[in-house]
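Biologist: I would like to learn how to read a protein model. Can we take it feature by feature?

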Amino acid sequence: MQNASQGNLSLSSGEGIRPLNEKAIIVQVLIALFLYVNFLMIFTFFQKEVFRTNTRYILFAHTLICDCAFLIITDMLLLLIVRRIIMPTGLCIVICVVLVDLNIATPLTLTAMSVERYVSICMPLRHAELSTPQRAVHAILVIHALCSVHVLAMLLSLFAVMPLSFYSSSVMCSLVMLHTYRWQVYLNDIILQLYFVFMSLVICFSYVKIMGVARAASGEDRKSSNKGLKTVLLHALQLILSLIQLWCPFVEAAVLRSDPSLFETIRFFDYIMFILAPRCLIPLVYGLRDEHFNVVLQHYALFGFKKKNIRVHVHKQKARSTKKRYMVKNFSHIPNITDKPTGPLLRPLNEKILLVQVLVGIFLYVNFLMIFTFLKKEAFRTDTRYILFAQTLFMDSSLMVLTDLAVIQSYFQYTIPCVPCVVLCMLMIWLQFGTPVTLVAMCLERYVAICMPLRHANISTHRNQLVGLIVIWWLSALPPLLVLYLFLSSAPLLVLSSYMVCEVELLLVESWQETLRSAVAELYFVWMSVVIIFTYVRIVKVASKAAKGNSGSIAKGRKTVTLHAVQLLLCLIQFCCPFVETAILKIDLQLFINVRYFNFITFILAPRCLSPLIYGLRDESFFLVLRYYAAFGLKKKPTVKSAKFRRQ
């Protein structure tokens with residue numbers, strides 16, 4: 001019992017978690033945004049009787065309600081911990097029981113939705129009999145009964161080891177207090193893994209059965225089966241996110257043993273990425289994929305300004321107009337896709353295209369000069385900050401080359417095979433996301449250098465540099481892989497043998513796909529903004545406590561992080577440009593061309609050179625070497641030593 005009493009004292013005294021006001025504010029903003037989106041979808045569900053009487057939508061609404069309740073309770077516990085407010089132990093146990101139930105209810109509901117898709121596609125004659133609102137309510141009761149198994153095991157293990165005095169005390173409420181001994185943690189992990197194995201088996205079984213039906217089906221049945229197949233895949237993705245959430249405590253426990261301050265950062269990141277975000281984004285994607293739900297959701301999201309489609313049919317799928325873009329039997333109505341290659345449209349270069357070529361030439365010369373400067377000095381090639389800076393230059397230069405090729409090809413209306421076009425678009429999206437992710441890594445490097453100066457040399461090693469670059473390229477590769485999956489899942493195979501004027505927009509034929517791509521871009525921007533704001537606040541705190549002799553260096557590091565924030569803001573504006581251009585296209589074609597040209601110059605080309613150039617000019621050591629090579633060696637060659645590289 002000694003361990004139990006010690007754990008209780010530590011919780012009641014509030015020594016476990018320090019107040020993190022800036023993190024709590026970020027969490028409040030995100031939770032408010034996510035709750036608004038989820039409540040909007042719940043409101044949409046209750047507004048239509050056809051949704052309230054369909055099993056699939058009932059289970060979907062149950063997922064939304066569980067996620068909203070989970071977000072509210074976890075946010076409440078977070079605020080109590082930050083403010084160090086204690087509560088009676090009995091009330092805390094009740095809250096933890098509800099929290100555990102909601103945490104398991106969401107993936108179990110996803111499993112039930114997969115089973116519903118299996119019955120709808122593999123047993124269509126019995127679907128109307130089995131899929132009724134009453135049976136949906138029974139399924140929800142079974143889901144919470146399965147959740148109670150974990151709750152009962154947790155309560156029994158708690159009652160078996162804790163004395164009666166524990167239940168009359170007051171504690172800072174957390175799920176950690178329910179697992180006093182190590183064997184309780186192991187028991188909890190075993191039960192969660194059993195849940196995951198069970199749900200994985202059910203989803204895999206549903207996927208295999210639906211895939212078999214899809215192969216044997218033809219015509220409209222095949223389309224419906226393929227859509228059900230993608231729905232089950234989406235449930236599998238949600239289940240994987242749930243698995244990552246189950247693994248987070250293991251990673252956090254390992255980090256806690258090595259560095260408590262890093263543990264807080266990792267835990268905050270896991271909470272945002274694997275607990276908060278999936279509770280909103282994945283259900284939102286699921287709602288946007290459904291044609292009928294999406295129509296009603298848009299009506300209420302725009303406060304009724306968009307015309308509402310009153311006739312919503314659930315059991316009768318209409319042909320989608322956007323699929324006409326991929327009717328490969330006749331390409332005459334699609335100007336950018338043909339079944340035969342066409343030569344370039346011979347016309348003179350206008351002033352806009354000429355100006356783009358001049359700017360791209362100047363910007364590439366500046367970037368290549370900075371890359372050359374980086375490669376000429378070993379002191380630059382071995383420093384993490386300069387390695388990340390060089391990677392930014394490389395990505396920006398590559399993106400400028402590819403976008404310039406795409407602009408020229410689009411201007412002359414020169415068609416290329418579909419497969420090279422897809423590869424070109426994937427590379428452009430990859431590089432487009434690579435720059436902001438690298439900026440975030442540079443902010444973290446400044447954070448470690450200023451806030452953890454004694455550990456900077458141990459963390460910024462050659463091995464960690466390589467690992468960091470791999471992580472950056474991996475994170476940047478997720479959006480293009482998503483676009484590739486959306487394209488291959490919507491386009492028939494014959495499109496791959498066609499020719500087209502290469503544009504990213506041609507790969508996303510349906511409106512919900514473009515919405516999903518935009519949601520992923522906004523998700524990237526949110527977590528990158530969180531990291532940059534966190535590093536800036538920490539550096540400001542260190543600067544306020546620093547001595548006069550070190551305040552100049554810390555202030556310079558703060559300005560460096562601010563510069564990264566400005567670059568990230570330019571990336572955000574770049575992501576918002578397509579929405580503005582689409583709205584203008586409906587009004588005036590010529591104005592659309594001018595606005596798109598302005599956005600290309602201002603928010604795509606210029607930031608790819610000017611921001612890195614400013615960053616290079618601000619560094620004294622790099623500027624001296626850059627000026628020497630820019631003057632073709634006419635100036636006196638500077639002597640740069642590793643000792644002179646001061647941490648900004």
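Biologist: Is Met113 buried, partly exposed or exposed, and why?

Modeller: Start with relative accessibility. Under 20% counts as buried. Met113 has 2% relative accessibility, so Met113 counts as buried. Keep in mind that this is a predicted model.

Biologist: Where does Met113 lie?

Modeller: Met113 is part of helix α5. Now look across the chain. Tyr57 is 56 residues away from Met113 along the chain, and their C-alpha atoms are separated by 9.2 Å.

Biologist: How do I read the length of a helix, say α7?

Modeller: Count residues, then compare the expected span with the distance between the ends. Helix α7 covers residues 133-161, which is 29 residues. At 1.5 Å a residue, α7 should span 42 Å. The end C-alpha atoms of α7 are 43 Å apart, which agrees.

Biologist: Which residues of α7 are buried?

Modeller: They are Ala136, Ile140, Ile143, Cys147, His150, Val151, Met154, Leu155, Ser157, Leu158 and Val161.

Biologist: What covers the buried residues of α7?

Modeller: The cover includes α4 (55-82), α5 (89-122), α8 (164-167) and α9 (182-216).

Biologist: Now the nonpolar core. What is the general idea?

Modeller: In soluble globular proteins, nonpolar side chains tend to be buried together. Here the largest nonpolar core has 147 residues. Trp527 and Leu605 touch the most other members. Helix α17 (residues 418-451) gives the largest share of this core, with 15 residues.

Biologist: Which residues is Trp527 in contact with, leaving aside its neighbours within four places in sequence?

Modeller: Trp527 is in contact with Met273, Val437, Val440 and Leu475.

Biologist: Which residues make the nonpolar surface patch?

Modeller: Val419, Val423, Leu427, Leu488 and Leu496 make a patch of about 400 Å². Helix α17 supplies the largest share of the patch, three residues.

Biologist: Where is Leu496 found?

Modeller: Leu496 sits in the loop between α19 (462-490) and β5 (499-500). Its relative accessibility is 32%, so Leu496 counts as partly exposed.

Biologist: Let us step back to the whole chain. How many helices and strands does the chain have?

Modeller: The secondary structure comes to 24 helices and five strands. The chain has 648 residues, and 50% of them count as buried.

Biologist: What about the surface?

Modeller: The chain exposes about 32300 Å², and carbon and sulfur atoms supply 70% of that area.

How values were computed:
Residues are numbered from 1 along each chain as its sequence is written. This is a predicted model: local features need pLDDT of at least 70, side-chain atom pairs count only at pLDDT 80 or more; totals for chains, interfaces and linings use all residues. Side-chain values use heavy atoms; hydrogens and water are left out. A nonpolar core is a set of buried Ala, Val, Leu, Ile, Met, Phe, Trp, Tyr and Cys residues joined through side-chain atoms within 4.5 Å. Buried means under 20% relative accessible area, exposed over 50%, partly exposed in between (1.4 Å probe, protein chains only). Helices (H or I, at least four residues) and strands (E, at least two) are DSSP runs, numbered from the N terminus. Contact means heavy atoms within 4.5 Å. The expected span of a helix is 1.5 Å times one less than its number of residues. Patches are made of residues with over 30% relative accessible area and no salt bridge: like charges are joined within 9 Å, nonpolar side chains (Val, Leu, Ile, Met, Phe, Trp, Tyr) within 5 Å. Accessible areas come from the Shrake-Rupley method with a 1.4 Å probe; for residues, only the protein chains shown count as cover. A salt bridge is a side-chain nitrogen of Lys or Arg within 4 Å of a carboxyl oxygen of Asp or Glu.
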